[in-house]
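The plan was to list what lines each one.

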Amino acid sequence: MSLIIDISVRKEAQRQITELNNELEGKIKVRTKELEESIQKLQNANKSLELEIKRRKEAENRIKTALQKEKELNELKTKFLSLVSHEFKTPLSGILTSVVLAGKYKLEEQQDKREKHLNTIKSKVHYLDNILNDFLSIERLESGKVNYKFTSFSLSKVVNEVVYNANVTLKSGQNIEYTRDIDNIVLHQDEKILELVLSNLLSNAIKYSPEDTLIKFEIEVEAKKIRFIVTDEGMGIPAKDQKHIFERYFRAENALLNQGTGIGLNIAKVHLENLGGTISFSSEENSGTQFIVELPIVKE
């Protein structure tokens with residue numbers, strides 16, 4: 001007995017199933033690849049969109065910053081013009097008044113009164129000259145037109161000139177005590193800039209100190225650097241204002257009623273840094289202020 005089964009139909013069915021599976025796998029691979037490509041394109045599109053959003057936000061921030069700076073600049077210009085008008089008007093009025101009064105004292109016994117008004121005129125003119133020098137320094141610093149002239153000069157010559165000019169502006173009873181044994185000290189620096197810085201410090205010490213006070217102007221010489229120390233017995237700088245004291249146009253709260261532009265210390269700091277020097281201070285409100293300037297004896 002034998003059993004014969006024809007499996008050709010089953011084989012054919014298996015073959016067809018295999019072909020269908022292979023075809024389906026191929027289609028799945030194709031669709032998977034297409035899906036991956038679509039996802040990649042979508043991711044690229046998202047990245048491009050994110051990048052574009054980032055660029056637009058950055059551009060928006062730049063515009064906002066530029067508008068804010070322009071607003072601050074306009075406010076600063078307005079404040080500056082007001083400041084300049086006030087700072088020039090006050091001493092000019094004083095000069096005019098003194099000229100008129102001095103003209104009335106013609107008799108010999110009135111010469112003391114006449115001399116008093118002439119000294120007032122000198123003081124006001126000296127003050128205006130300092131303001132103009134400060135404004136010129138700002139313009140040169142901002143335009144990059146500062147050309148430092150390094151020469152060798154006698155320190156005593158500069159100090160004597162600075163102290164002489166400062167004496168003209170002293171209040172009643174004020175006195176400047178300064179180091180005198182400096183005849184043999186020679187610096188190789190920018191003479192005019194040093195004179196500008198020291199004049200500014202002494203001017204501030206006089207301005208912010210009351211009558212009958214002592215202003216000390218000390219000079220210490222080391223091997224490669226020189227130190228200038230200006231100490232006053234004035235109103236001092238409030239603790240909350242001290243971090244801003246070298247900012248341009250800034251004025252301490254307790255000094256707003258005094259004449260001043262708020263640019264002198266900023267100019268001094270920038271010039272000193274350009275010359276390889278430093279400026280620092282210590283102060284206590286109502287107890288006085290001390291400024292310390294250090295500068296290389298020879299600018300290399």
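Helix 4 gives the most to the lining of the second largest cavity, namely four residues. I was working on a predicted model, and I kept that in mind throughout.

I looked up the size next. The volume of this second largest cavity is about 50 Å³. I then wrote down its lining: His 126, Asn 130, Val 162, Asn 165, Ala 166, Thr 169, Ser 199, Leu 202, Ser 203 and Ile 206. Two or more of the lining residues come from each of helix 2, helix 3 (155-168) and helix 4. I sorted the lining by type and got six polar residues, four nonpolar and no charged.

How many cavities of 30 Å³ or more are there in the whole structure? My search found two.

I turned to the largest cavity, which holds about 530 Å³ of space. Its lining has 36 residues, and Asn 200, Asn 204, Lys 207, Tyr 208 and Leu 265 are the closest to the centre. I noted the elements that supply two or more lining residues here: helix 2 (111-143), helix 4 (191-207), strand 5 (225-231), helix 5 (264-274) and strand 7 (288-296).

Which element has the largest share of this lining? I found helix 4 again, with eight residues.

Last, I sorted the lining of the largest cavity and counted 16 nonpolar, 15 polar and five charged residues. For the second largest cavity I had written no charged residues.

Notes. Residues are numbered from 1 along each chain as its sequence is written. This is a predicted model: local features need pLDDT of at least 70, side-chain atom pairs count only at pLDDT 80 or more; totals for chains, interfaces and linings use all residues. Side-chain values use heavy atoms; hydrogens and water are left out. On a 1 Å grid over the protein atoms alone, a cavity is a set of points where a 1.4 Å probe fits but cannot get out, and a pocket is an open set with protein on both sides within 12 Å along at least five of seven lines; lining residues have an atom within 4 Å of a point. Grid points are joined across faces, edges and corners, and a volume is the space filled by probe spheres set on the points. Ala, Val, Leu, Ile, Met, Phe, Trp, Tyr, Cys and Pro count as nonpolar, Asp, Glu, Lys and Arg as charged, and the others, Gly among them, as polar.
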